[in-house]
Amino acid sequence: MNPGKAIQNKINGVKQNFADYKKLDSRDKKTYWKEFLLNNALYILLIVAIIYTYIQNSNFLSAASIVNIISLSAANLPIACGIAGCIVLTGTDLSAGRVVGLTACITASLMQSVTYATKMFPNLPVLPIPLVILIVLLVGGIVGWVNGFFVAKFQLHPFIVTLATQLIVYGLLLMYIMINGNNGQPLSGLDQHFNDVVKGSVISFNAGGARIAIPNYVWLAALIVVIMWFIWNKTTFGKNMFAVGSNPEAAKVSGVNVMKTTILVHTLAGAMYGLTGFIESSRIGSNTANTGLNYECDAIAACVIGGVSFVGGTGKISGVVLGVFLLRIIFVALNFLSINMNMQYVIKGLIILVACAIDMRKYLVRK
């Protein structure tokens with residue numbers, strides 16, 4: 001669609017909504033605003049929190065802070081885009097964080113500098129970066145395929161399947177970091193070229209008397225978002241995914257291969273977790289068995305905040321991106337406000353709970 005035409009359609013839609021609102025009587029207008037406030041309560045609270053944080057600490061919206069928020073968000077975009085597909089199918093994926101941890105440790109072990117004293121594989125040269133990307137895509141894709149196969153073939157709930165694979169992957173991770181006498185030590189000492197490619201910078205600017213660099217993985221995340229948007233909106237597979245998420249029986253009658261679509265969605269999700277692990281290995285720099293812990297919680301919360309509904313068949317990549325940024329903004333704000341780390345976990349849990357409650361309420365109202 002022509003961008004100008006799309007914008008005009010949006011404007012016409014707003015005008016039509018305003019015209020419809022003017023026709024409402026006073027009682028219906030009160031109901032309208034009540035529903036608006038309830039459905040958008042989380043966004044309103046987030047905006048209030050941002051304004052409050054800025055008042056308390058003006059550095060919150062400084063150029064350095066904004067770039068930091070963008071960078072942190074970019075690191076979490078691939079896992080969110082992957083897990084969003086599982087949610088569209090009315091499922092979830094509890095194994096995502098552990099897959100990130102496994103692929104991060106695999107990446108780190110393969111990209112350690114040849115001069116590093118405690119290199120896990122002393123006789124192995126630093127592998128080409130494209131080869132390492134293929135390896136983590138394969139590892140993540142295999143885990144995703146297993147998830148999708150058991151969900152589709154045996155009609156098991158994704159919660160049970162991914163809980164099982166979460167434990168399996170964690171066990172494999174613990175065994176992996178023990179091999180070759182590593183004994184679970186952090187995997188660090190990464191090759192400088194690898195770090196330059198992932199978290200180096202080709203674009204930087206001056207702000208407030210300091211040089212601020214935008215990490216390269218931000219552009220990798222942007223590319224992933226574009227690819228996922230294309231898959232979701234411009235391919236038969238994407239259309240089939242939404243059809244299966246809305247009504248698998250109707251999709252099957254329409255000729256959609258439900259089992260194949262379910263497996264592919266989970267496989268694609270696993271590949272996204274692999275890319276997240278690839279980025280995290282360099283971004284963190286020192287990878288352990290705890291790398292990736294609870295990443296799936298943040299990704300699920302971001303998806304729900306961004307409008308990907310657990311009732312299935314609803315969601316947009318643009319919404320996922322918005323959700324990731326909003327969630328990261330609130331987490332950074334908590335740090336600026338010096339909120340206790342233990343309390344931050346409580347707040348994260350409440351955000352997930354409220355987001356899911358609002359999502360389900362919207363569904364019940366429509367129903």
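**Reading side-chain contacts in a predicted model**

Author: The cut-offs are under 20% for buried, over 50% for exposed and partly exposed in between, with a 1.4 Å probe and protein chains only. The model is predicted, so local features need pLDDT of at least 70 and side-chain atom pairs pLDDT 80 or more, while totals for chains, interfaces and linings use all residues. Residues are numbered from 1 along each chain as its sequence is written, and side-chain values use heavy atoms, without hydrogens or water.

Reader: With which residue does Arg328 form a salt bridge?

Author: Side chains of opposite charge can pair when their charged atoms come close. A salt bridge here is a side-chain nitrogen of Lys or Arg within 4 Å of a carboxyl oxygen of Asp or Glu. The partner of Arg328 is Asp298, and their closest N and O atoms are 3.9 Å apart. Arg328 belongs to helix H14 and Asp298 to helix H13 (residues 295-305), so this pair ties together parts that are 30 residues apart in sequence. Helices are DSSP runs of H or I with at least four residues, strands are runs of E with at least two, and both are numbered from the N terminus. Asp298 is buried, at 15% relative accessibility.

Reader: How many salt bridges does a search of the whole structure find?

Author: The search finds two. In the other case, Arg283 meets Glu280 with an N to O distance of 2.6 Å. Both residues lie in helix H12 (residues 258-284), three residues apart, which is about one turn of the helix. Arg283 is partly exposed at 28% relative accessibility, whereas Glu280 is buried at 1%.

Reader: How many aromatic pairs does the structure hold?

Author: A pair of aromatic rings is described by the distance of the centres and the angle of the planes. Rings of Phe, Tyr and Trp (its six-membered ring) pair if their centres lie within 6.5 Å; planes under 30 degrees apart are stacked, over 60 edge-to-face, and the rest tilted. The structure holds 10 such pairs. In one of them, Trp33 and Phe36, the centres are 5.5 Å apart and the planes stand at 80 degrees, so the pair is edge-to-face. Trp33 and Phe36 are three residues apart in helix H2 (residues 26-39), separated by about one helical turn. Each is partly exposed: Trp33 has a relative accessible area of 42% and Phe36 has 37%.

Reader: What is the arrangement of the Phe60 and Phe336 pair?

Author: That pair is edge-to-face as well, with 5.5 Å from centre to centre and 75 degrees between the planes. Phe60 sits in the loop between helix H3 (41-56) and helix H4 (63-88) while Phe336 is in helix H14 (residues 317-336), so the contact ties together parts that are 276 residues apart in sequence. Phe60 is buried at 0% relative accessibility, and Phe336 is partly exposed at 27%. Elsewhere, ring pairs join Trp145, Phe149, Phe150 and Phe154 into a cluster.

Reader: Over which ring does the charged end of Lys348 sit?

Author: A charge counts as over a ring if NZ of Lys or CZ of Arg is within 6 Å of the ring centre and within 35 degrees of the ring normal. Lys348 places its charged end over the ring of Phe331, 4.5 Å from the centre. Arg98 lies over the face of Tyr170, 3.8 Å from the ring centre.

Reader: Where in the secondary structure does Tyr217 lie, and is Tyr217 buried or exposed?

Author: Tyr217 lies in helix H9 (residues 216-234). At 5% relative accessibility, Tyr217 is buried. From C-alpha to C-alpha, Tyr217 is 6.0 Å from Lys199, although the two are 18 residues apart in sequence.

Reader: What does the chain as a whole come to in helices and strands?

Author: The count is 15 helices and two strands. Of the 367 residues in the chain, 44% are buried. The C-alpha trace spans about 75 × 60 × 45 Å along its principal axes. The radius of gyration is taken over C-alpha atoms, and the globule rule is 2.2 Å times the number of residues to the power 0.38. For 367 residues a compact globule would come near 21 Å; the chain has 22 Å, which agrees.
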